[in-house]
Amino acid sequence: MPSDNHVDGNAMGGLLMDAFGREMTDARGCCASCGSEHVMAELIVYRSGPGDVLRCPSCSTVLMVATPLPSGPRIYFSRLLWLAPKERA
Amino acid sequence: MARAALRGRLTWQVADLVDRIDETAQVRSLVLDVPDWPGHRPGQHVDVRLTADDGYQAERSYSIATPADGTRVTITVERIDDGEVSPYLVDELGVGDKLELRGPIGGYFVWQPSDGGPLFLAAGGSGLVPLMAMVRARIGGGGHVPVRLLVSSRSPDEVIYGGELGMIDTDQAGVEVIQTFTRAQPLGWSGYRRRVDREMLDDVAWPASDNPRCYVCGPTGFVEAVATALVELGHEPGNIRTERFGPTGG
């Protein structure tokens, strides 16, 4: 059953912008497990641990883990096949 | 020069609190002046950072409640009683105090009048905040896109911006507000008194054949129930944008 204690990738916007230097919630990514494509804002995010765990909304595979460290954000890529920032006008 | 070169990067800025507005017993809007604010789009948020005397820091995201207005940025904060950040923002922060923030953030859960419509907005509790920025942008001179806003609250005294919502003249503004109260209703209430469900959305949302843009924001359970029902009613998943606030809605 889906639980209620997650948020979504909208909440990761600040950390992702810190890491990539640009808005990333509308960047598209592909899950290496199921092949589905989603924008970062649609990812399911669990924030209870020391790192934020970003999961595929289609198959729940962990795509990334993001951690704000004193030295800056660090992002671990696990099953994110590709990531494509949106073209800016 | 340096600023232009760094555009796109996110830096912490110091804002001044210039006004506080009581919305409900638990919710307060904070009107901030941010000297180097670059402007924002309705639906975007800011990250707020508090630093304790011992250096411990806590960060939270808060949606912006108003459309772009120079250096003014209004956020609306719900007090979570055991929270680390919101009790300070709601109870302690006074006019003239400083607050550290960064933004604007968000490129997905955003709408501006030039994006078109029709527009259907569904809010659960304080999920109304970013949607209100869209409604205010639309009413404040932003074109003619027809808007329907569905607001789900537990009781009338928990409705944020209640006075402003009640004053919206549907015929004149082209913005229709529909409310449902799930626990306690106003005296003589003849409207909805249950959680948002598929039947309600069938009545209230624009039909899928109109190809509306749908924005859903609130507690996670609310968002997922509404988004699922909209898809069942035939709405294109790509036309439904969601933002989950988590279990507490704040």
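How many residues of chain B are in contact with chain A? Here are some close-ups of this predicted model, where local features need pLDDT of at least 70, side-chain atom pairs count only at pLDDT 80 or more, and totals for chains, interfaces and linings use all residues. Residues are numbered from 1 along each chain as its sequence is written, with chains lettered from A and ligands numbered from 1 in the order in which they are written.

**View 1. Chain B meets chain A.** On the chain B side we find 20 residues in contact with 20 residues of chain A (contact: C-beta atoms, placed from the backbone, within 7 Å). Strand 6 (98-105), helix 7 (220-232) and strand 11 (240-244) of chain B each give two or more residues to this side (helices, H or I, at least four residues, and strands, E, at least two, are DSSP runs numbered from the N terminus). By class, this side of chain B has six nonpolar, eight polar and six charged residues (Ala, Val, Leu, Ile, Met, Phe, Trp, Tyr, Cys and Pro are nonpolar, Asp, Glu, Lys and Arg charged, the others, Gly among them, polar).

**View 2. Domain 1 (2-105) and domain 2 (113-244) of chain B.** These bounds come from an automatic or database domain assignment.

**View 3. Strand 2 (residues 27-33) of chain B beside strand 5 of chain B.** The two run antiparallel, joined by seven bridges (pairing takes at least two DSSP bridges). Across the pair, B:Val31 faces B:Thr74 of strand 5.

Technical notes
Two residues are in contact if their C-beta atoms, placed from the backbone, lie within 7 Å.
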